[in-house]
Amino acid sequence: MEFQPIKVATGSADEDGRLVLHDGKLVAVLVRLDDPNHGPAIGQWSLEAGFNGVDSAKPPLFANLAAAERWIELQIANFIPV
Amino acid sequence: MLHAVVGRGQSLKAGEDIVREGDHTDVVHVILEGHGFRYKTLPDGKRQIIGYLVPGDFCDLYGFLLDKMDHGIAARTHCQVAELTEDHILMLTSRPSLARALWWSELVNASILREWLVNMGRRTPSARVAHILCELLVRLQVVGQASADSFRLELSQSELGDTVGLTTVSVNRALQRLRGANLIQSSGREIVIPDVAALKAFADFDPGYLHFRQDREDHS
């Protein structure tokens with residue numbers, strides 16, 4: 001999996017993002033929560049968008065990119081194409 | 001009227017279930033004081049809030065007709081809840097004006113649910129949150145718990161997220177946008193709406209779906 005730095009326009013101070021590529025294809029967009037409004041969640045990574053099974057109605061926040069990678073791998077492995 | 005039939009009711013702590021999802025209920029619960037919400041729980045533990053309850057609201061009108069509750073009802077704050085038996089309901093419905101009030105109440109419940117469905121399916125995150133705030137403002141005004149432009153929001157960002165199908169992060173950003181546009185001001189749980197008409201316009205909020213009828217209120 002590949003993580004490419006990208007600035008994301010979220011309308012808040014959260015803009016340090018990563019494009020997550022799997023087999024060369026975009027599967028997720030992550031953003032680090034830097035806005036003071038997030039309180040205790042500051043510093044964690046948030047799933048802003050996911051594609052082809054990398055999604056959840058209520059995705060967890062990730063302490064670091066390694067944790068995000070593990071979760072994304074799990075989503076891809078468990079994905080049932082319907 | 002309700003007090004005459006059932007007394008002060010039972011006292012529930014914040015977070016307690018008024019009726020549990022899957023349980024059968026022999027009685028109808030009515031919120032006398034406090035706030036509650038309806039919810040459904042998914043197998044993985046996620047929760048969807050499917051309705052808010054304010055004082056005077058029936059939680060499970062005619063619920064005794066069903067084998068089991070298809071959703072749960074919880075106290076969001078400390079609640080005082082009356083319990084009406086099927087006999088109480090039959091007694092109430094023997095008076096046409098009260099029977100109409102109960103029918104009206106169920107029609108409004110269904111109407112709110114329809115509006116929430118539209119809200120979740122067809123509005124942006126900021127407008128969804130704004131719409132819920134507008135609904136709370138006018139519903140709390142009816143029961144004397146909101147001023148012309150402010151009320152106390154008895155919900156966390158996580159509960160708002162469970163209501164409008166957004167993550168806490170998205171709710172947080174939606175609230176920030178509303179604050180940034182000066183559509184709301186908030187300090188702690190107090191929500192102040194500087195220009196109510198502007199927030200309603202932004203949220204595409206038309207209170208018609210709440211079907212307020214002053215004459216109905218007077219009859220009941």
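Biologist: Why is the pair of Asp162(B) and Lys58(A) called a salt bridge?

Modeller: In this predicted model, the side chains of Asp162(B) and Lys58(A) meet at 2.9 Å, N to O, and a salt bridge requires a side-chain nitrogen of Lys or Arg within 4 Å of a carboxyl oxygen of Asp or Glu, so the pair qualifies. The rule finds three salt bridges across the interface of chain B and chain A.

Biologist: Which helix gives the most to the side of chain B that touches chain A?

Modeller: Helix 6 (residues 168-180) of chain B does, with six residues, a helix being a DSSP run (H or I) of at least four residues, numbered from the N terminus.

Biologist: How do you know how many residues are in contact?

Modeller: Contact means heavy atoms within 4.5 Å, and by that rule nine residues of chain B are in contact with 15 residues of chain A.

Biologist: What makes strand 1 and strand 2 of chain A a pair?

Modeller: Two strands (DSSP runs of E, at least two residues) pair if DSSP finds at least two bridges between them; six bridges join strand 1 (residues 2-7) to strand 2 (residues 16-22) of chain A, so these antiparallel strands pair.

Biologist: What are the conventions here?

Modeller: Residues are numbered from 1 along each chain as its sequence is written, with chains lettered from A and ligands numbered from 1 in the order in which they are written. Local features need pLDDT of at least 70 and side-chain atom pairs count only at pLDDT 80 or more, while totals for chains, interfaces and linings use all residues, and side-chain values use heavy atoms, leaving out hydrogens and water.
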